[in-house]
Amino acid sequence: MEAEKKKKIFSGVQPSGNITLGNYIGAIRNWVRLQDDYDCAFAMMDMHTITVRQTPAEMRKRTLELMALYIACGIDPEKSLLFIQSHNSAHAELAWVLNCYTYMGELQRMTQFKDKSARHADNINAGLFTYPVLMAADILLYQADYVPVGKDQMQHIEICRDIANRFNALYGNVFTIPEGMLVKAGAKIMSLQEPTKKMSKSDPNPKGYVSMMDDFNVIAKKIKSAVTDSEGVIEYRPDDDAKAGINNLLSIMAVMTDSTPEKVAADFAGQGYGALKGAVAEAVVEGIKPIRAEYDRIIKDKAYLKDIYTRGAETAHRIADRTLKKAYKKIGFIID
């Protein structure tokens, strides 16, 4: 009997800054678990990064560091497709086609455009506006069935589905219609200083996020100085903003110890916030240590990294080219 064909997954992270604990818990850690059961493609999304001005040498450095971190976290280049987005021109080519099937009103409703425009008022460029179309091209090129995302990214999946359905309605079954795959536990790790906001590498307050590259003592210090509340009671109340700081610490602890926030809260019932913070700090540091050791080994081996991204680009181009040519032919371009 023929083995059932694996469903396809596509995802990626921008090399726009230090990868945070939130990126690891909400994305990369989950990818590692998915790669045995799914046909996975994970990219360094450098094309998305340039909607905000970058220092070229720094960006090249961060792209390689991100790839090394992917592998150190457990992404296996022999199991999953690992590549750099800009190494496959099909992303830009399909994005242009899809731009012509996307409406201005749809893009104007995107909350990320509004948020980034507010933060970068001196650089509200067209790329920032059409960012969701490039994201749709990223996903649709690989005929992805699922895209692992946090709740804040579901709007991008919905516009991708709208574009794909519109194109398919005109030209037939060209694109697989993807679904967002929400991660339940620890999907959204919040800022340590403003726990009602998502942990972000672009946070102007470095105490708000833990970088996977932070010194271990710095990591512990940041967690121990996390904002909590004046109630003094360790309970997990996910719908109560007043407990956002404690909810966040319990979520982090739960993920790092393969537990649940409710169980962690029960384990620390009657104890002070200091005890919880100390335990979370220890769990995070111990969880990151082996990743950092492997990262330190991999980042020194530039020939190995080049081999991975060169082979990845070849495979990514081969897969994506089939989709691109199919779309080109459907819209009337001459394909040899």
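1. Phe113 lies in helix H6 (residues 111-119); helices here are DSSP runs of H or I with at least four residues, strands are E runs of at least two, and both are numbered from the N terminus. The model is predicted, so local features need pLDDT of at least 70 and side-chain atom pairs count only at pLDDT 80 or more, while totals for chains, interfaces and linings use all residues. Residues are numbered from 1 along each chain as its sequence is written, and side-chain values use heavy atoms, with hydrogens and water left out.

2. Phe113 has a relative accessible area of 18% and is therefore buried (under 20% is buried, over 50% exposed, and in between partly exposed, with a 1.4 Å probe and protein chains only). Neighbours within four places in sequence aside, Phe113 is in contact with Ile124, Leu128 and Phe129; contact means heavy atoms within 4.5 Å. Pro204 is 91 residues from Phe113 in sequence, and their C-alpha atoms are 19 Å apart.

3. Helix H8 (residues 154-171) has 18 residues, which should span 26 Å at 1.5 Å a residue, and its end C-alpha atoms are 26 Å apart, in agreement. The expected span is 1.5 Å times one less than the number of residues. Buried residues in H8 include His156, Ile157, Cys160, Ile163, Ala164 and Phe167. Residues three or four places apart in an α-helix point the same way, because there are 3.6 residues a turn. Just after H8, Gly172 has a positive phi of about 100°.

4. Helix H9 (residues 216-224) and helix H12 (residues 273-299) have axes that come within 9 Å and cross at roughly 150°. Axes are lines fitted to C-alpha atoms, for helices over the stretch in contact, with angles from 0 to 180 degrees between N-to-C directions. H9 and H12 are therefore roughly antiparallel (over 145 degrees; under 35 is roughly parallel, 65 to 115 roughly perpendicular, and the rest oblique). Among the residues that meet are Phe216, Ile219 and Ile223 in H9, and Val280, Val284 and Ile288 in H12. The contact residues of H9 with H12 divide into 9 nonpolar, 1 polar and 4 charged (Ala, Val, Leu, Ile, Met, Phe, Trp, Tyr, Cys and Pro are nonpolar, Asp, Glu, Lys and Arg charged, and the others, Gly among them, polar).

5. The axes of helix H4 (residues 90-99) and helix H7 (residues 126-141) come within 8 Å and cross at roughly 120°, so H4 and H7 are oblique to each other. Leu94 and Leu98 are among the H4 residues that meet H7, where Val133 and Leu141 are among the partners. The residues of this H4 and H7 contact comprise 10 nonpolar, 3 polar and 1 charged.
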